[in-house]
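Look at the sequence and the model below, and keep both in view while reading.

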Amino acid sequence: NQRDMEASAALLGIKETRILGFQDGEIMNTLDVRIALNRVIREIKPDVVVTHWYPNSTIPDFKYTGELVVDALFSALLVSGRWVEELKSHWTSRAYGFEEPALTVGFDPTLFVDITDVVDVKLKSADCFAIHCESNFGGDYEKFHSSFMGPARYWGIHSGVLYAEAFQQIKTHEVMV
């Protein structure tokens, strides 16, 4: 919910959050969602976008979210048609997907970020979403934390640090300049 997201964002130093009003667990790759994301991309003008790794996700709304982001990144490039409203087009130069451990297959990361110094903040941020600990781990925070720390340790070993976040670059589109 919005309160959980804002509490987590505050811990992470994120100054602005947005909820677009689409129901969690019901996200589908529809025109309405693509238009909403297109507007946000054109407004914010990000250089880098991070989303769910979607090609082999086993969770439908995670898969659709990743697909939607890629589609919205493309539509934000367009200079004519229904995608163009009051905001100018924008090219996002890089997009990365993150895995959902045990829910993503075929994930082959191309970028690792050392999170060793911020692991405690990561766990505090995750704790803001107590509903997930309750519904998936019966309120057992040790197991809940392990679901984050196990993969972070695995990718840390793989990349030569204690803990790492792993990302795979998403090939979206190219702009010929």
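**From a loop to the sheet and its helices**

Lys 45 lies in the loop between α2 (31-44) and β1. Helices here are DSSP runs of H or I with at least four residues, strands are runs of E with at least two, and both are numbered from the N terminus. The model is a predicted one, in which local features need pLDDT of at least 70 and side-chain atom pairs count only at pLDDT 80 or more, while totals for chains, interfaces and linings use all residues. Residues are numbered from 1 along each chain as its sequence is written, and side-chain values use heavy atoms, with hydrogens and water left out.

What is the phi of Lys 45? Lys 45 has a positive phi of about 60°, although it is not a glycine. Most residues other than glycine have a negative phi. Lys 45 is partly exposed because its relative accessible area is 38%; buried means under 20%, exposed means over 50%, and partly exposed is in between, with a 1.4 Å probe and protein chains only.

Four strands form an open sheet in the order β1-β2-β4-β3, and the pairing is mixed. Two strands count as paired if DSSP finds at least two bridges between them. The edges are held by β1 (48-52) and β3, each with a single partner strand, so one side of each has no neighbour in the sheet. On average, neighbouring strands of this sheet are turned by 35° against each other, direction ignored.

Two of the pairings can be followed in detail. Strand β2 (residues 94-98) and strand β4 (residues 164-169) run antiparallel and are joined by three bridges; Gly 97 stands opposite Gln 168 in β4. Strand β3 (residues 111-114) pairs with β4 over four bridges, also in the antiparallel sense, and the bridge partner of Asp 114 in β4 is Ala 164.

Helix α3 (residues 60-75) lies across β1 and β2 and runs at about 155° to β1. Such angles run from 0 to 180 degrees between N-to-C directions, and axes are lines fitted to C-alpha atoms, for helices over the stretch in contact.

Helix α5 (residues 130-137) and α6 pack at an angle of about 105°, with their axes 9 Å apart. That angle makes α5 roughly perpendicular to α6, a term for 65 to 115 degrees; under 35 counts as roughly parallel, over 145 as roughly antiparallel and the rest as oblique. Ala 130, His 132, Cys 133 and Phe 137 in α5 meet Tyr 141, Lys 143, Phe 144 and Ser 147 in α6, where contact means heavy atoms within 4.5 Å.

Further along, Ala 152 is in helix α6 (residues 141-159). Ala 152 counts as buried because its relative accessibility is 2%. Not counting residues up to four places away in sequence, Ala 152 touches Ile 115, Leu 162, Tyr 163 and Ala 164.

How many disulfides does a search of the whole structure find? The search finds zero disulfides, a disulfide being a pair of cysteine sulfur atoms within 2.5 Å. Cys 128 is in no disulfide, and the nearest cysteine sulfur, that of Cys 133, is 12 Å away. Cys 128 counts as buried because its relative accessibility is 18%. Cys 133 counts as buried because its relative accessibility is 0%.
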